[in-house]
Amino acid sequence: MNETIKEASWIPLILAACASFIIALDTTFMNVSIAQVVADLNTDVSTIQITMAFYTLITAAFMLLSAKLQDIVGKKKLFLIGTSLYGIGTFTAAISWSAPVLFIGWAVVEGIAGALMLPATISIISGTYSGERRTYALAIESVMVAIAAAIGPLFGGIMTTFLSWRCGFAFELIIVVIILVMQKKIPDFAPTESKNDLDIAGSIISVIGLFLLALGILTLSDEPTASIVVMVLGIIILVFFALFEIKKKRKGDVPLLDVELFKDRNLRTGTGIMLLTYLVMEGGLFVVSLYLQSVLELSAFNTGLAMLPMTISLLIFSLAAPGLSGKLNHKTLMAIGSILSIIGCLMLSYQFKINTTIWELLPGMFVLGAGLGFIMALSVDIALVNIPEESQNNASGITSTSQSLGESLGTAIIGIILILGVFGGISNAVDIYAPEYSGNETFHIDVFNHFEKMGNMNEINADSTVMAIANVIIQDAMEFVMIVTAILMAIVFVLTLRLKDTGIKK
């Protein structure tokens, strides 16, 4: 490895962080461009939504296999292969003339490429930097995912409003070209295993299990019963995969995933923390964005602007965390971050009304972003601190998978919680404004269907009683979401207390 690069240059970090950024951006920026894509490609909304879902599915499914390929191919080489493949995919998506072409370029090619790149970004950073520099570098890499998710609507809004959704993919292609041009700045890492060590059977089992688990998560709000069945099947297959890998290692063979890594408390606990934190982050962004566009009727562009307080605080506090960890420690800062996140959720819990202004949401969103910034900045570093160098690639696959599943879970689970909150709000509103129908489930469902069919808030504002009912429903639903989110962050707080901080160099 080039020691000059290792000790002095931040370029490897910049390149790895840019890769993480565009992969995460792909999951959000097209949400606001669906109508235009449908018109341009002469297709329908469900086809584009399926394409978006499969991008996430394929990325998550191939994550563990990708982590092992680092040992066989070399982490830099695999990262560059993934980057080149990503370039092909994003170029295909940008010039796509039909929905199938978009699906191949975006969902299939970019999905596989993203899976090849993500674990490698963490491994390259872990292998390039040490001590406080490693903490800082991993913090930047982690928070780039959150920032990309947060500014996705703003970026997509700008592209769709002033240019074209195709320009979004073209922007990603530019980043890919920069990474490939600057590839010599990334240190080389020699492979540690041969292609004969690839666990083909384990790879197939893990891909199927992760695919089914992610599929169940992504469809949870649409088909709850079928989705739960698919999720359970995915979990059963993954349990079988774990047993298969344990047996394989006992025989002296090289497993795809060294399950014994989970004996390390920090990796085990840190993985849970990342799963829940990214769930809260993605779910929070989803539900607030939905409120801004559906209730306050903001455009995609203005919704992105309204989300900036959370994005800015995420960035500020994630950058501050590595320096502060030298005075306090990772564990303490992550616990503080959990508390801040809880406070932010509670501040927001009573702010969502029909006539709420952006300024009223700003303090809560800023505090929530600050707390998440502390946790995201330090969670990967503390999860990997006790993992030996020869197992870093394997462990990076575990952390990347937890992040990916957390993002997928966020939208699905928070979406279901929101629906439950809406029904709770309807029950409360009926008790206040139509007590004679209290306990009448059919009437409650009719109220739900009535509001769901309303085109915009102007229809609600035309009737003061309907407006009052809608206000109760919105308040109760959003309050329920924020309370549940606060509870999830309380679980994260408890998990941070189980972390060991003694192995981290200050």
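Trainee: Before we start, what does pLDDT need to be for local features here?
Mentor: Residues are numbered from 1 along each chain as its sequence is written, and side-chain values use heavy atoms, with hydrogens and water left out. In this predicted model, side-chain atom pairs count only at pLDDT 80 or more, totals for chains, interfaces and linings use all residues, and local features need a pLDDT of at least 70.

Trainee: Thanks! How many helices and strands does the protein have?
Mentor: Both are DSSP runs numbered from the N terminus, with helices being H or I of at least four residues and strands being E of at least two. On that basis, the secondary structure comes to 0 strands and 20 helices.

Trainee: What percentage of the 506 residues is buried?
Mentor: Buried means under 20% relative accessible area, exposed means over 50%, and partly exposed lies in between (1.4 Å probe, protein chains only). By that cut-off, buried residues make up 56%.

Trainee: And what share of the contacts with a separation of 6 or more joins residues 24 or more positions apart?
Mentor: Contact means heavy atoms within 4.5 Å. Among the contacts in the protein with a separation of 6 or more, residues 24 or more positions apart account for 83%.

Trainee: Let's look at packing. Are α8 and α12 roughly parallel or roughly antiparallel?
Mentor: Axes are lines fitted to C-alpha atoms, for helices over the stretch in contact, and angles run from 0 to 180 degrees between N-to-C directions. Angles under 35 degrees count as roughly parallel, over 145 as roughly antiparallel, 65 to 115 as roughly perpendicular and the rest as oblique. The axes of α8 (residues 131-162) and α12 (residues 265-294) come within 10 Å and cross at roughly 15 degrees. The two helices are therefore roughly parallel.

Trainee: Which residues of α12 make that contact?
Mentor: On the α8 side, the contact is made by Ser-142, Val-145, Ala-146, Ala-149 and Ala-150, and on the α12 side by Tyr-278, Met-281, Glu-282 and Leu-285.  The classes are nonpolar (Ala, Val, Leu, Ile, Met, Phe, Trp, Tyr, Cys and Pro), charged (Asp, Glu, Lys and Arg) and polar (the others, Gly among them). The contact of α8 with α12 divides into 7 nonpolar, 1 polar and 1 charged. The α12 residues asked for are Tyr-278, Met-281, Glu-282 and Leu-285.

Trainee: Is the crossing of α6 and α9 left-handed or right-handed?
Mentor: The axes of α6 (residues 75-95) and α9 come within 8 Å and cross at roughly 155 degrees, which makes α6 roughly antiparallel to α9. A crossing is left-handed if the near helix is turned anticlockwise from the far one by less than a right angle, and right-handed if clockwise. For α6 passing α9, the crossing is left-handed.

Trainee: How many nonpolar residues does the contact of α15 with α16 have?
Mentor: The axes of α15 (residues 330-349) and α16 (residues 358-384) come within 7 Å and cross at roughly 155 degrees, and the two helices are therefore roughly antiparallel. Their crossing is left-handed. By class, their contact has 8 polar, 2 charged and 19 nonpolar residues.

Trainee: On to the rings. Why is the pair of Tyr-55 and Trp-106 called tilted?
Mentor: Rings of Phe, Tyr and Trp (its six-membered ring) pair if their centres lie within 6.5 Å; planes under 30 degrees apart count as stacked, over 60 as edge-to-face and the rest as tilted. The structure holds 8 aromatic pairs. In this one the centres are 6.4 Å apart and the planes stand at 35 degrees, so the pair is tilted.

Trainee: Last one: what separates the C-alpha atoms of Arg-133 and Pro-322?
Mentor: Arg-133 has its place in helix α8 and counts as partly exposed at 27% relative accessibility. Arg-133 and Pro-322 are 189 residues apart along the chain, and their C-alpha atoms are separated by 8.4 Å.
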